[in-house]
Amino acid sequence: AGTLRMVGDPGTVLKLASSANSDYLLSLNSAADDFVFDGLTFDLNQPTSDAWTNTLVQISAASRVGFTGCKFINSASSAFGGTANNGYSIYLLGAYDTIRVEDCYFERHKYGVITEPSSTGKDITVRNSSFFEMSGDGVEINVPTGSCASVLVDGCTFRSLGSNTTARGFG
């Protein structure tokens with residue numbers, strides 16, 4: 001059993017279809033262990049007027065999942081108003097393990113990488129990535145009723161996030 005790699009040619013875009021309620025583009029569960037996304041663009045395609053939360057990649061109890069050189073954009077959002085953008089780029093649920101995000105770009109979502117409050121995961125690395133015009137934090141480790149062991153955020157750029165206060169970026 002080797003690692004499954006999903007590699008995008010230049011210009012490859014995976015776009016979420018417009019809908020009238022919360023939806024996700026990809027969902028990886030425990031059967032999706034050893035999966036790598038390389039050079040793909042994921043498009044949330046959610047207008048700022050939408051009140052629901054769409055998700056590009058939902059990872060539930062999967063292990064050894066990586067994103068390298070990927071872009072997470074929102075082509076349906078052309079303006080940044082501080083709190084206007086909804087949607088998650090990468091949403092971590094359950095007992096995830098060894099999640100790598102390197103050299104990626106995130107723009108106009110609510111959160112770039114976020115954990116579900118009761119998740120019990122470990123080993124998240126976010127390295128050399130950029131977070132731009134996010135209405136929430138770029139990286140949000142949110143586990144009031146769960147846990148998350150070993151988080152590394154290194155060499156990342158956070159710009160124009162939330163209310164643009166110093167408390168935004170990593171939470």
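Start with Phe42: at 0% relative accessibility, this residue counts as buried. The model here is predicted, so keep that in mind as you look around, since side-chain atom pairs count only at pLDDT 80 or more.

**The aromatic picture**
- The count of aromatic pairs comes to 11.

**Phe42 and Phe72**
- These two rings make a stacked aromatic pair, with 4.9 Å from centre to centre and 10° between the planes.
- Phe42 sits in strand β5 (residues 41-43) and Phe72 in strand β8 (residues 71-73), so their pairing ties together parts that are 30 residues apart in sequence.
- Is Phe72 buried or exposed? Phe72 is buried, because its relative accessible area is 0%, and the cut-off for buried is under 20%.

**Phe106 and Phe131**
- Here's another stacked pair: Phe106 and Phe131 are 4.6 Å apart centre to centre, with 10° between the planes.
- Phe106 belongs to strand β11 (residues 105-107) and Phe131 to strand β14 (residues 130-132), and the pair links these distant parts of the chain, 25 residues apart.
- Phe106 has a relative accessible area of 0%, so this residue is buried.
- Phe131 comes in at 1% relative accessible area, so Phe131 is buried too.

Definitions and conventions: Residues are numbered from 1 along each chain as its sequence is written. This is a predicted model: local features need pLDDT of at least 70, side-chain atom pairs count only at pLDDT 80 or more; totals for chains, interfaces and linings use all residues. Side-chain values use heavy atoms; hydrogens and water are left out. Rings of Phe, Tyr and Trp (its six-membered ring) pair if their centres lie within 6.5 Å; planes under 30 degrees apart count as stacked, over 60 as edge-to-face and the rest as tilted. Helices (H or I, at least four residues) and strands (E, at least two) are DSSP runs, numbered from the N terminus. Buried means under 20% relative accessible area, exposed over 50%, partly exposed in between (1.4 Å probe, protein chains only).
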